Amino acid sequence: MISVTQLTKRFKEFTAVNELSFEMQPGDIVGFLGPNGAGKSTTMKMLTGFLAPTSGEIHIDGMDLATNSKAIQAKIGYLPEGAPAYGDMTVIQFLNFIAKVRGIDSQHRDQRIADVVQQLALEKVLDKPIENLSKGFKRRVGLAQAIVHDPQILILDEPTDGLDPNQKHQVRELIQHLSKDKLVIVSTHILEEVTAVCNRVIVIADGELRFDDTPEALLKQSKYHQAITLHLSYQADISGLLELQGVADMHVDRATGRVTLFPEPGAQILHLVTEYAQVRKLPVDTLYIEQGRLDEVFRTITKERVA
Ligand SMILES: Nc1ncnc2c1ncn2[C@@H]1O[C@H](COP(=O)(O)OP(=O)(O)OP(=O)(O)O)[C@@H](O)[C@H]1O
C-alpha cells in the first residue's frame with residue numbers, strides 16, 4: 001500500500017533522510033523510532049506530501065505521490081508534531097472547517113463529526129476555543145481532525161508526547177481500535193509504546209534505516225534476551241553461577257541487588273540456574289527470564305556509526 005524507495009531529503013548540505021526504503025500494508029501499526037533529529041518528522045512530512053523529497057519515490061496504492069498528491073492526501077490522516085490547530089476556533093468550528101476542507105459533503109458532515117466527537121470523547125469541550133483546552137484535549141482534537149474523513153492511512157507524529165498516563169492510555173487504545181483495516185504510522189520516543197501498540201518497528205538514526213521488523217524481533221536483538229535475572233534476599237556466594245554450562249557472563253547490579261546471567265548464544269540456562277540455586281540454598285526471592293530490554297537495544301541500534 002505504501003512503497004518507499006531510496007527516499008532522501010537534504011537541507012542544503014545536510015542530509016536529514018538518507019535513502020530510506022520500506023513497504024507497508026493495511027493492518028500494519030508501525031512504530032517509528034529514533035533519537036532526536038533522526039529524521040522521523042521529515043520522513044512523515046514527505047509521506048504526507050507536505051515536504052518534497054530531494055530524491056527517491058513514494059508510491060501509495062500504486063500512485064506516485066509526486067504526481068498524484070491530491071488523490072493520495074485524501075487517503076491520509078495526519079497529526080503533525082505538537083498537534084497544531086487554529087486556536088481561536090471552537091472545537092466544533094474547527095472540526096466543521098476540517099470536514100469541509102476534506103471534502104465531506106454537507107449531508108454526511110454532521111454525522112461524521114458526531115462519530116469522531118464520540119470516539120474521542122470531545123462532547124464537553126465542543127464550544128470551547130481550542131487555545132483554552134488542556135494539552136490532552138488539544139491532542140484529542142488533533143486526532144479527531146486526522147480521522148474525520150475516515151482515512152485508510154494514519155500518520156501520527158508523537159501523538160502521546162506530553163500527555164498524562166491516563167491520556168496516553170486512551171490515545172493508545174484509540175490507535176489500536178482504529179487500526180484493524182488501516183495502516184498506522186506512529187512516531188514516538190516512548191519505547192514501551194511500541195510493544196504496547198505496534199506490530200512493526202522501524203528504527204532510524206542519522207536519517208538511515210537501522211531496523212525493520214516486529215517488536216518481538218527487536219527484543220530478540222537485546223543482549224538481555226533470554227538472560228536470567230534473580231534477586232537474593234540477603235548476600236550469598238554466587239560465584240559458582242558463572243561456572244554453569246551455557247552461562248557466558250554475569251552482571252551484578254549493586255544498587256538493586258539484582259544478578260543477571262547472560263547465556264551463550266542459543267543456550268538455555270534456566271534449568272541449571274534454578275537447580276544450582278536450590279542445591280546451594282541461595283536465598284532467591286525473585287527469578288525471571290528477560291524478554292530483552294528496549295532501552296539497551298535502542299542504544300545499540302542507534303549509536304553513531306564510526307566511518
Ligand atoms: N526545514 C529544515 N531545515 C533545515 N534542517 C532541518 C529542517 N527540518 C528538519 N531539519 C533537520 O533535519 C534533522 C531531522 O529532523 P526531524 O525533525 O525529521 O527529526 P526527528 O527524528 O523527527 O526528531 P525529534 O524526535 O527531535 O522530533 C534534524 O537535524 C533537523 O534539525
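Predicted model: local features only at pLDDT ≥ 70, side-chain atom pairs only at ≥ 80, totals over all residues.
Visitor: Is E158 buried or exposed, and how many other C-beta atoms lie within 10 Å?

Guide: Good place to begin! A residue counts as buried if 20 or more other C-beta atoms lie within 10 Å of its own. E158 has 23 such atoms within 10 Å, so E158 is buried.

Visitor: Where is E158 found?

Guide: E158 sits in the loop between β7 (153-157) and α6 (165-178). Its backbone is worth a look too: phi of E158 is near 50 degrees, a positive value in a residue other than glycine.

Visitor: Let me step back. How many helices and strands does the protein chain have?

Guide: There are 10 helices and 14 strands. The C-alpha atoms fill a box of roughly 75 × 45 × 30 Å along the principal axes. Of the 307 residues, 36% count as buried.

Visitor: What share of the contacts joins residues 24 or more positions apart?

Guide: Such pairs account for 69% of the contacts with a separation of 6 or more.

Visitor: How do I read a helix? What is the length of α4?

Guide: Compare the span with what is expected at 1.5 Å a residue. Helix α4 (residues 106-119) has 14 residues and reaches 20 Å from its first C-alpha to its last, close to the expected 20 Å.

Visitor: Which residues of α4 are buried, and where on the helix do they lie?

Guide: Start with the general idea. An α-helix has 3.6 residues a turn, so residues three or four places apart point the same way. In α4 the buried residues are I113, V116 and V117. Seen down the axis of α4, they fall within an arc of 105 degrees, so they line one face of the helix. On the other side, Q107, H108, Q111, A114 and Q118 are exposed.

Visitor: What covers the buried residues of α4?

Guide: The cover includes α3 (91-101) and α5 (135-147).

Visitor: At what angle do α3 and α4 pack?

Guide: To read a helix pair, look at the angle between the axes and at how far apart they are. For α3 and α4 the angle is about 130 degrees, with the axes 10 Å apart. That angle makes α3 oblique to α4. The crossing is right-handed. L95, N96 and A99 of α3 make the contact with R109, R112 and I113 of α4.

Visitor: And how do the axes of α3 and α5 cross?

Guide: They cross at roughly 25 degrees and come within 9 Å. Angles under 35 degrees count as roughly parallel, and therefore α3 and α5 are roughly parallel to each other. α3 passes α5 in a right-handed crossing. On the α3 side, V91, F94, L95 and I98 make the contact, and on the α5 side V141, A144 and Q145 do.

Visitor: How many residues of α1 are buried?

Guide: In helix α1 (residues 40-47), 7 of the 8 residues are buried, so the helix is mostly covered. The buried ones are K40, T42, T43, M44, K45, M46 and L47. Just after α1, G49 takes a positive phi of about 80 degrees.

Technical notes
Residues numbered from 1 in each chain as written. Helix = DSSP H or I, 4+ residues; strand = E, 2+ residues; numbered from the N terminus. Buried ≥ 20, exposed ≤ 12 C-beta atoms within 10 Å, placed from the backbone. Contact = placed C-beta atoms within 7 Å. Expected span 1.5 Å × (residues − 1). Arc of directions from axis to C-beta. Axes fitted to C-alpha atoms, helices over the stretch in contact; angles between N-to-C directions. Parallel < 35°, antiparallel > 145°, perpendicular 65-115°, else oblique. Left-handed = near helix turned anticlockwise from the far one by under 90°.
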